[in-house]
Amino acid sequence: MTRLARRAGIAGAVALVRRAGSVGALALVFALTPGLAHAHLVDTRLGDFYSGALHPLTDFEQVLPWLALAVLAAFQGPRTARWVVLAFPLALAAGGALSLVLPPPPFAPVAGVTLVALTGLAVAAQLRLPLAALLVLAVGLGLLDGYQNGAAMVATTDRFLFLSGVTVIGYAFVTLALGCAIAFLAGVGGWRPIALRAAGSWVAAVGIMVLGLHLVSRGVG
Amino acid sequence: MIALAERAPARRAFRSGLLAVLALFCALLLPSLAARAHEATMAVITLREIAPGRFIGQWTMPPADVTLQPIFPAHCQWNPPELVCGERGLTGRLSFMGLGSKQSVATIRVVPREGPAVVYTVSAAKPTMMVASEPGTNLAVWADLADTYVNLGIDHILRGIDHLLFVLGLIWIVKGGWRLVKTITAFTVGHSISLAAATFGWVGVPERPLNAAIALSIVFVGVEIVKLQRGEPGLTARYPWIVAFAFGLLHGLGFATALTALGIPQATLPIALLFFNVGVEIGQLMFVMAVLALMWAHRQAQALLPRWGAAIPAYVIGSVASFWFLTRI
């Protein structure tokens, strides 16, 4: 009886998680829909450094893959994962610098959403990646997001401070998320990687749906 | 054995990479921040009452951003330099258009025909201020005052890279635990005392030598880090709370310059000081928490500096602070 009750409880919890996941995924799809995307320079009153630091955090499209990247890196173990702490912020800074000299590449929106889907899929599959592949993903994501953030600057923005803010927040966010994910995976219980993989599958689902919407909207246009 | 041998070059490469990034970061970011530390970002407009409800306005400290404009209550008509508010007088909501990254604080100083002048400070954090006919008895005005000065305190500490760098140095030496709690508390007590003393005018130090001394305090912490890493624990490593308290007194005088520059009336000064200090503590706590969280995350990810490069952050802190010292004397 107790076992049955426990099973019923677990089943209920799983159903609740699934429902929450579906609702969350739907909400995220709406949040990430390209048609709704718009520039949103955050005025933090603390100067352009803090404006740059807050800018990526206001956008699910950027925060979600950063989180997925950190979890994916954590799955590779600390020895491989720690390279992301180096590579990702550098790529963000480089991407931001590129936005000052290059026009927006036409493939950037599709590439961004594709990377969200790919990173989510890799987490869902708990893929063991060679270091080079992980770095390519981290650098690709960093370059794209750095570019997108850089492109949001206006004429009066102090570019150096703004891009420094973007870089520092990218470093802090990914490092903290990576530390948390590694600590979480080190805990007792086989359910821990499964929980992270489930989260990855939601990210992948969101990425795929948004990619679909994006392609459809382009086809209709 | 072979596995260990294979891991060593990877570890070395990682650590070298980490150091390279750190060096790049410091070379690019910190000197720039040095030049920007503590920019004057305040504008002051003075309104002199020439007849009941009629004022003449003049910028006594012009704004850095020319788009900055005062916004007066709806019943007032602002045709620069004249402001006509009629029988109701200058009461209601005051704000500024254009407060942001270039101008963080703007002040309206109202000089009535009779009685003392009243100063209203509007920050980008608290972009509006209620003006009541009797500010001393209106609770909403006091709440606005608290809101404004807490945010101003947070603004000041988060923009004050020199104060943050000193706190970072203390964290670096003390590492964590109760010793860090005591050290940060001592720093807080120290700067609260001198902030109050300077704000009330009991002590006064010229701004340039004060800022130079603050820079020197950071150089001192940098030297202390290096000494600790060489196995020679200095004063800060042995008695961190004493050093934190002593230099807290110095940094508090620096905090006070932000507050005294606003020209707050004596009647509202104690409450303004209290809330400004609360804001400074909130900002400081946010910074300490962020640094500790990042240190923890680095340990989890095993992303640590090699032993031979451990002194580099101390040299960076010392070099940047020395640069500040030279530019401030």
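In strand 7 of chain B, B:Val110 is the bridge partner of B:Leu47. Strands here are DSSP runs of E with at least two residues, helices are runs of H or I with at least four residues, and both are numbered from the N terminus. Strand 1 and strand 7 of chain B run parallel and are joined by seven bridges; two strands count as paired if DSSP finds at least two bridges between them.

Before going on, a word on what you're looking at: this is a predicted model, where local features need pLDDT of at least 70 and side-chain atom pairs count only at pLDDT 80 or more, while totals for chains, interfaces and linings use all residues. Residues are numbered from 1 along each chain as its sequence is written, chains are lettered from A and ligands numbered from 1 in the order in which they are written, and side-chain values use heavy atoms, with hydrogens and water left out.

Now look at what else strand 1 of chain B does. Strand 1 (residues 42–51) also pairs with strand 2 (residues 54–61) of chain B, this time in the antiparallel sense, over seven bridges. The two strands form a hairpin with two residues between them, and B:Gly53 in the turn has a positive phi of about 80°. B:Ala51 sits opposite B:Arg54 in strand 2 of chain B. B:Arg54 also stands opposite B:Val84 in strand 5 of chain B. Strand 5 (residues 82–84) pairs with strand 2 of chain B in the antiparallel sense over three bridges.

B:Gln103 is buried, with a relative accessible area of 1%; buried means under 20% relative accessible area, exposed over 50%, and partly exposed in between, using a 1.4 Å probe and protein chains only.

On to the helices. Helix 3 (residues 161–174) and helix 8 (residues 269–300) of chain B pack at an angle of about 45°, with their axes 11 Å apart. That makes helix 3 oblique to helix 8 of chain B, because angles under 35 degrees count as roughly parallel, over 145 as roughly antiparallel, 65 to 115 as roughly perpendicular and the rest as oblique. The axes are lines fitted to C-alpha atoms, for helices over the stretch in contact, and angles run from 0 to 180 degrees between N-to-C directions. On the helix 3 side, B:Leu164, B:Val167, B:Leu168 and B:Ile171 meet residues of helix 8 of chain B including B:Phe287, B:Val291 and B:Met295; contact means heavy atoms within 4.5 Å.

Chain B as a whole has nine helices and nine strands. Buried residues make up 49% of its 329 residues. Of the contacts in chain B with a separation of 6 or more, 72% come from residues 24 or more positions apart.

Finally, a stop in chain A: A:Ser99 is found in helix 4 (residues 78–101) of chain A. A:Ser99 is buried, at 14% relative accessible area. Leaving out residues up to four places away in sequence, A:Ser99 touches A:Tyr147, A:Gly150 and A:Ala151.
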